[in-house]
Amino acid sequence: MPKPLFMKLVAVCAIGFFCVLLGCVYSISSHDHVFLLLSLLIGLCSLIRFISLYQMIRFHRYLTIEGQCKKREPAMFKKTVQVLLLTEDGREYRFTLDKNVKILQGHHYRLYFRIPDSKENLTDVSNAFHAFLGAEEITSVASAKSSDSP
């Protein structure tokens with residue numbers, strides 16, 4: 001299981017668990033039945049999200065793109081960044097990501113995207129803002145290229 005996807009699973013599980021735990025403790029101590037119901041509902045929704053993410057990861061229903069980040073440009077007045085990724089076979093991918101995603105220009109990355117349910121082109125990740133699952137830096141590619149050059 002890829003580390004970024006595993007971390008996403010852990011985060012969803014932890015959020016759901018702590019919402020239920022703290023919500024139940026508070027609602028029992030304050031005798032608030034509505035708060036208890038809402039806490040349990042958040043826990044149920046987190047469980048459903050956890051199961052759907054786990055099934056997606058288990059059956060490899062995600063798209064993986066590996067390449068070098070050639071360009072990273074922040075969008076004006078938006079909380080997004082435009083990324084140009086060049087793969088080993090020479091294909092270029094341009095897509096929009098959140099500014100919080102730490103992708104540096106010149107580094108090699110493996111990006112994970114959710115495969116859309118509709119019959120859209122699976123290699124078109126230009127509108128991948130909502131389908132983005134995670135990224136990890138590939139250090140073995142960078143170190144292999146630096147050792148090959150004199």
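Is Cys13 buried, partly exposed or exposed? Cys13 is partly exposed, with a relative accessible area of 43%. Here buried means under 20% relative accessible area, exposed means over 50%, and partly exposed lies in between, with a 1.4 Å probe and protein chains only. Cys69, by contrast, counts as buried, at 1% relative accessibility. The structure holds zero disulfides, a disulfide being a pair of cysteine sulfur atoms within 2.5 Å.

The model is a predicted one, in which local features need pLDDT of at least 70 and side-chain atom pairs count only at pLDDT 80 or more, while totals for chains, interfaces and linings use all residues. Residues are numbered from 1 along each chain as its sequence is written, and side-chain values use heavy atoms, with hydrogens and water left out.

Next comes helix H2. Helices (H or I, at least four residues) and strands (E, at least two) are DSSP runs, numbered from the N terminus. Helix H2 covers residues 33-58 and includes Ser46. Ser46 is buried, at 13% relative accessibility. Apart from its neighbours within four places in sequence, Ser46 is in contact with Val12 and Gly16, where contact means heavy atoms within 4.5 Å.

Leu44 is also found in helix H2, but at 45% relative accessibility Leu44 counts as partly exposed. Together with Val34, Leu38, Leu41, Leu47, Ile48 and Ile51, Leu44 makes a nonpolar surface patch of about 650 Å². Patches are made of residues with over 30% relative accessible area and no salt bridge; like charges are joined within 9 Å, and nonpolar side chains (Val, Leu, Ile, Met, Phe, Trp, Tyr) within 5 Å. A salt bridge is a side-chain nitrogen of Lys or Arg within 4 Å of a carboxyl oxygen of Asp or Glu. Accessible areas come from the Shrake-Rupley method with a 1.4 Å probe, and for residues only the protein chains shown count as cover.

The strands follow. Two strands pair if DSSP finds at least two bridges between them. Strand E1 (residues 62-74) runs antiparallel to E2, and six bridges join them. Within this pair, Arg72 stands opposite Val83 in E2. E1 and E2 form a hairpin with five residues between them, and Phe77 in the turn has a positive phi of about 60°.

Strand E2 (residues 80-86) is mostly covered, with five of its seven residues buried. E2 is also joined to strand E3 (residues 92-98) by seven bridges, again antiparallel. Leu86 has Glu92 in E3 as its bridge partner. E2 and E3 form a hairpin with five residues between them, and Gly90 in the turn has a positive phi of about 90°.
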